[in-house]
Structures are given as C-alpha cells and as structure tokens.
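Trainee: I have a model to go through. Can we take the labels one by one and ask what stands behind each?

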Amino acid sequence: MGEILRAVDLWKIYSMGDAEVFALRGVSLRISQGEILAITGPSGSGKTTLLNCLSALDVVSRGEIYFEERDISHISDNERTKLRGERIGFIFQQYQLIPVLTAVENVELPLLLLNFPADEARKKAIEALSMVGLSNRSNHKPSELSGGQQQRVAIARAIIHNPKILFADEPTGNLDSDTSDSVIQALEELNRIHGITIVIVTHDISVSRRCNRILEINDGILSEINNEEE
Ligand code: ADP
Ligand code: MG
C-alpha cells in the first residue's frame, strides 16, 4: 500500500513566557494509504499537538511532514487552509455543531462557505449523513440527537469534501460504550467501504484494538506497540 503521510523528526516547542514546553520530541512516523491507526498515551503526552501538526492545523517547530509526497511543513497559512479544505478532515471530542442548525444544515455548511451551489451542497450532505447511518435524522437539531448521533453528524461534516485522510481527536471521549461503538463503526465503514485513511487519538482500549496499528506517545516521544498480544 502506498504511503499517504510521513513525518520526520518532528519537534514542537511551546513558549510560555520564560518557560518552554517540549510537546513533541523527535517524532517520526509513516501512515499508509487506507489504514486505520490509533494513537494512545496519557493526558498531556502530546497527542493533540501531534494530530494538529499532522493535519496542518498547526505548524511544527522543527522537522518535516510529507503529505502525498509534498512537504507541507513549511507552507503558508493560506496553503494549509486550502490543503485542509481539499484533502483533510478533522473531528473533535466536542462535536462543535451549530445548535440552531439541523443535522443536514450543519453538514452542508462547509460547502456553502466554499460557495458551492446550495442544491449540490444539500445533495452531498444527505449522502454524507447516509454514510454515517443517519439518513433518518437529517432534520433534527443537535439537541434532539444523542451524543453518538451528534458525533456522527460531525463525522459527516468532516467528510463532506471527500478528504483522503480523517483525523479524530478522542472522538468517543464523551460517550458511553454503546454510543461509542456506533461512532467507531461509522469510522470503520468509512475506512473499509470508502477507503478513507483514519487516525484516531483515543484513551479507550476497546477503540484502539479495532485499529490496524497502535502508536503510543509518552512525553512527546512516539513508539509503536504490538496490537496482536491479548
Ligand atoms: P494531550 O492531547 O496528549 O493531552 P497536548 O498535545 O494537548 O497533550 O499537550 C502536550 C503538552 O503541551 C502539555 O504539556 C500541554 O500542557 C502543552 N501544550 C499544549 N498546547 C499548548 C499551548 N498552546 N501552549 C503551551 N503549552 C501547550
Ligand atoms: Mg488532547
């Protein structure tokens, strides 16, 4: 399988007044096209920092990130925004849906902001909702949906532009195990049926063991752990 993303010796150093926080300390990794990968590690170990840098939301202090062979670690803010809008999806632990909009309106919003024709945006939003098993909830507002359903709306919104890779930062962190399962199942289907590469940050062993591969980060240093052992 081809490689979609490669990171080489990433460092991220936050300056806090006089103090410096070394959030990433020489992280290197490869992600293959079509894999579903988990990143675990204790709170404060650098998981969100790593995901934000890999997904071009944030920039590294040092190191290179190659996305589809292109070095994206030194591109401008505008180019990063464009790249995310075209190739990358992202979901957060807090679903970040707009409360006054229905599910389908939340999902189509990114396309409307890109000046897509309204009927085309609506059609794609309905498709994306069906891909996460929510066709029958398209006219519900977030407050009328369960946590798992809200997260699936957020997933539909994140895939509306057909991204090649989807990053999820603790997507089941707010959910009980039943609703968590529906979210992971939706991600697995996007991976299996639609071939989207998926990177999930999670604390939940029942989530990470369903992935092809598990990486663990400790104090800004990444290592691979064996998924086969029980
Ligand atoms: P995790 O997601 O694993 O909990 P983070 O990536 O959020 O970890 O944080 C890694 C380290 O970097 C922590 O020590 C955190 O306090 C620090 N950190 C994260 N974001 C910032 C920031 N914007 N400014 C300063 N320090 C930060
Ligand atoms: Mg985090």
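Trainee: How do the residues of the lining of the largest cavity divide into nonpolar, polar and charged?

Mentor: The lining has six nonpolar residues, one polar and two charged. Ala, Val, Leu, Ile, Met, Phe, Trp, Tyr, Cys and Pro count as nonpolar, Asp, Glu, Lys and Arg as charged, and the others, Gly among them, as polar. Among the lining residues are Cys53, Ala56, Asp58 and Arg80. First, the ground rules. This is a predicted model, where local features need pLDDT of at least 70, side-chain atom pairs count only at pLDDT 80 or more, and totals for chains, interfaces and linings use all residues. Residues are numbered from 1 along each chain as its sequence is written, chains are lettered from A and ligands numbered from 1 in the order in which they are written, and side-chain values use heavy atoms, with hydrogens and water left out.

Trainee: What makes a space a cavity, and what makes it a pocket?

Mentor: Both come from a 1 Å grid over the protein atoms alone. In a cavity a 1.4 Å probe fits but cannot get out; a pocket is an open set of points with protein on both sides within 12 Å along at least five of seven lines. Lining residues have an atom within 4 Å of a point. Points are joined across faces, edges and corners, and a volume is the space filled by probe spheres set on them. By that count, the largest cavity has about 50 Å³. The structure holds one cavity of 30 Å³ or more.

Trainee: What is the volume of the largest pocket, and which residues are closest to its centre?

Mentor: The volume is about 570 Å³. Of its 19 lining residues, Arg84, Ile88, Pro110, Arg157 and His161 are the closest to the centre. Two or more lining residues come from each of α2 (77–87), β6 (88–91), α3 (103–113) and α5 (147–158). Helices (H or I, at least four residues) and strands (E, at least two) are DSSP runs, numbered from the N terminus. Helix α3 gives the most, four residues. The lining divides into twelve nonpolar, five polar and two charged residues.

Trainee: Why is Thr49 called buried?

Mentor: Buried means under 20% relative accessible area, exposed over 50%, partly exposed in between (1.4 Å probe, protein chains only). Thr49 has 10%, so it is buried. Thr49 sits in helix α1.

Trainee: And why does Ser130 count as partly exposed?

Mentor: Its relative accessibility is 40%, so Ser130 falls in the middle class. Ser130 belongs to helix α4 (residues 118–131).

Trainee: How do you know that the side chains of Thr49 and Tyr14 are joined by a polar contact?

Mentor: A polar contact is a pair of N or O atoms within 3.5 Å; within protein, one must be able to donate a hydrogen and the other to accept it, and residues adjacent in sequence count only if both atoms are side-chain atoms. The Thr49 and Tyr14 side chains make one at 3.0 Å. The side chain of Ser130 also reaches the backbone oxygen of Glu127 at 3.0 Å.

Trainee: Which element gives the most to the shell around ligand 1?

Mentor: Helix α1 does, with three residues.
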